[in-house]
Amino acid sequence: MTAIALLQGDITKIEADAIVNAANSSLLGGGGVDGAIHRAGGSKILEECRMIRARQGKCATGEAVITTAGNLPAKYVIHTVGPVFQKENQVKLEALLANCYHNSLSLAVENQCKTIAFPNISTGIYRFPKLAAAQVAIATVQAFITKSTTLEKVIFVCFDEENHTIYHQLLKE
Ligand code: ADP
């Protein structure tokens with residue numbers, strides 16, 4: 001059985017097989033958790049992202065790609081592109097956010113990862129409402145792990161107190 005864990009802190013410090021980056025479609029770095037991962041991980045991650053860019057072009061919303069993790073304690077970084085929130089398209093955007101979690105989990109399994117850590121994708125610069133995003137994240141992970149047995153642990157890493165409180169409440173239910 002796969003365990004779900006909840007932490008508050010900085011995902012760049014997590015020793016999981018894979019940590020997930022809330023990237024943007026350029027794959028060439030940005031602010032928030034993306035900036036923190038590239039700063040802490042060093043230039044190797046960006047070099048690999050550039051190679052992926054050269055091969056496939058931009059990364060579409062909901063899709064994910066994988067690189068090694070440079071100087072980070074993780075083995076891999078899975079870069080996924082969350083949707084930018086727009087109230088009028090919430091249902092469609094929730095489906096794209098679910099794709100981020102699903103595709104990241106699939107890539108982790110394909111690369112023999114046992115542990116994976118997620119940030120709260122799209123809830124920063126991309127302004128997704130935190131409760132809705134957490135519901136999508138938890139439901140998608142739970143659905144995935146009931147089907148896949150190779151993952152041992154999925155860790156939700158909340159940077160801010162508000163997300164941590166929301167996840168704590170939802171995971172208790
Ligand atoms: P997005 O563009 O997908 O909204 P952000 O990086 O702006 O991405 O925010 C996504 C989430 O990552 C936010 O909840 C933000 O608080 C969180 N975050 C920012 N820095 C870190 C970090 N070092 N570790 C984990 N989470 C982080």
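In this predicted model, the ligand is surrounded by 16 residues, of which V33, S122, T123, G124 and I125 are the closest. Helix 1, which covers residues 32-41, contributes three residues, the largest share of the shell.

| Residue | Atom of the residue | Distance to an oxygen atom of the ligand |
|---|---|---|
| V33 | polar backbone atom | 2.8 Å |
| I125 | backbone N or O atom | 2.8 Å |
| N163 | side-chain N or O atom | 3.5 Å |

The ligand taken alone exposes 560 Å², and 92% of that area is buried by the protein. As for its location, the ligand sits in the largest pocket.

Turning to the chain, its secondary structure consists of five helices and six strands, and these elements follow one another along the sequence in the pattern β-β-α-α-β-β-α-β-α-β-α. The C-alpha trace of the chain spans about 40 × 40 × 30 Å along its principal axes. How does the radius of gyration of the chain, with its 173 residues, stand against that of a compact globule? A compact globule with 173 residues would have a radius of gyration near 16 Å, and the chain has 15 Å, so the value for the chain agrees with that expectation.

Notes. Residues are numbered from 1 along each chain as its sequence is written. This is a predicted model: local features need pLDDT of at least 70, side-chain atom pairs count only at pLDDT 80 or more; totals for chains, interfaces and linings use all residues. Side-chain values use heavy atoms; hydrogens and water are left out. A residue is near a molecule or strand if one of its heavy atoms lies within 4 Å of it. A polar contact is a pair of N or O atoms within 3.5 Å; within protein, one must be able to donate a hydrogen and the other to accept it, and residues adjacent in sequence count only if both atoms are side-chain atoms. Accessible areas come from the Shrake-Rupley method with a 1.4 Å probe; for residues, only the protein chains shown count as cover. On a 1 Å grid over the protein atoms alone, a cavity is a set of points where a 1.4 Å probe fits but cannot get out, and a pocket is an open set with protein on both sides within 12 Å along at least five of seven lines; lining residues have an atom within 4 Å of a point. A molecule sits in a cavity or pocket if more than half of its atoms lie within 2 Å of its grid points. Helices (H or I, at least four residues) and strands (E, at least two) are DSSP runs, numbered from the N terminus. The radius of gyration is taken over C-alpha atoms; the globule rule is 2.2 Å times the number of residues to the power 0.38.
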